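This report describes one protein chain in terms of its elements, pairings, surface and confidence. The sequence and the structure are shown first.

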Amino acid sequence: NNLPNTANNNSASKRGGFSFGGGKQPREGGSRMVAEIIGAIKEKWGTLKELEAEISSLEESFLKEEQLIETFVGGEGERSDIVTLNVSGTIMATQRATLQVIEDSVLAQQFDNTKWTEQSNRP
């Protein structure tokens, strides 16, 4: 057994260390330990608050991204406005609103509300 016999060794108490033999811990050493624990807890609490703020920021960012995607994909009501095009043998799908972005274009005129309604009423 290489451990010192701390029950009879008062040098640990004199240095402000711990005594394993049932001796009382000096008040000064205990206060220092409590202060270190409180400091560590405060540091961890600060880190936790920073991480919580980062998570909130990411959640907000993801919600904005979801809204942006929903704008392009369209909600349930806009699914009927999906246009399928055959472009030189390649099938592409887009929203009618995308084809109408440039109001004076041929595509915008072809898919305007009056012609779109006529096309959708055809058998």
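Helices (H or I, at least four residues) and strands (E, at least two) are DSSP runs, numbered from the N terminus. The structure is a predicted model, in which local features need pLDDT of at least 70 and side-chain atom pairs count only at pLDDT 80 or more, while totals for chains, interfaces and linings use all residues. Residues are numbered from 1 along each chain as its sequence is written, and side-chain values use heavy atoms, with hydrogens and water left out.

**Elements and confidence**

The chain has five helices and two strands, and the order from the N terminus is α-α-β-β-α-α-α. Confidence is expressed as pLDDT, the predictor's score for each residue, from 0 to 100. The average pLDDT of the chain is 75, and 63% of the residues score at least 70. Of the contacts in the chain with a separation of 6 or more, 11% are between residues 24 or more positions apart.

A salt bridge is a side-chain nitrogen of Lys or Arg within 4 Å of a carboxyl oxygen of Asp or Glu. Side chains of opposite charge can pair when their charged atoms come close. The structure holds three salt bridges, listed below.

| Pair | N to O distance |
|---|---|
| Arg32 and Glu36 | 4.0 Å |
| Lys49 and Glu52 | 3.8 Å |
| Lys64 and Glu60 | 3.4 Å |

Arg32 and Glu36 both lie in helix α2, four residues apart, or about one turn of the helix. Lys49 and Glu52 are separated by about one helical turn because they are three residues apart in helix α2. Lys64 and Glu60 are four residues apart in helix α2, so about one helical turn separates them.

Accessibility is classed as buried (under 20% relative accessible area), exposed (over 50%) or partly exposed (in between), with a 1.4 Å probe and protein chains only. Arg32 is partly exposed at 49% relative accessibility. Lys49 is partly exposed at 44%, and Glu52 is partly exposed at 44%. Lys64 is exposed at 52%, whereas Glu60 is partly exposed at 46%.

**Surface**

Accessible areas come from the Shrake-Rupley method with a 1.4 Å probe; for residues, only the protein chains shown count as cover. The accessible surface of the chain is about 10600 Å², and 56% of this belongs to carbon and sulfur atoms. Buried residues make up 11% of the 123 residues.

Patches are made of residues with over 30% relative accessible area and no salt bridge, with like charges joined within 9 Å and nonpolar side chains (Val, Leu, Ile, Met, Phe, Trp, Tyr) within 5 Å. Met33, Ile37 and Ile41 make a nonpolar surface patch of about 270 Å². Met33 is located in helix α2 (residues 27-73) and is partly exposed, at 35% relative accessible area.

**The hairpin**

Two strands pair if DSSP finds at least two bridges between them. Strand β1 (residues 82-87) pairs with strand β2 (residues 90-95) in the antiparallel sense over six bridges. Val87 has Thr90 in β2 as its bridge partner. Two residues lie between the strands of this hairpin, in which Ser88 takes a positive phi near 50°. Ile82 belongs to strand β1 and counts as partly exposed at 36% relative accessibility. Ile82 and Ala93 are eleven residues apart along the chain, with their C-alpha atoms separated by 6.6 Å.

Methods. Contact means heavy atoms within 4.5 Å.
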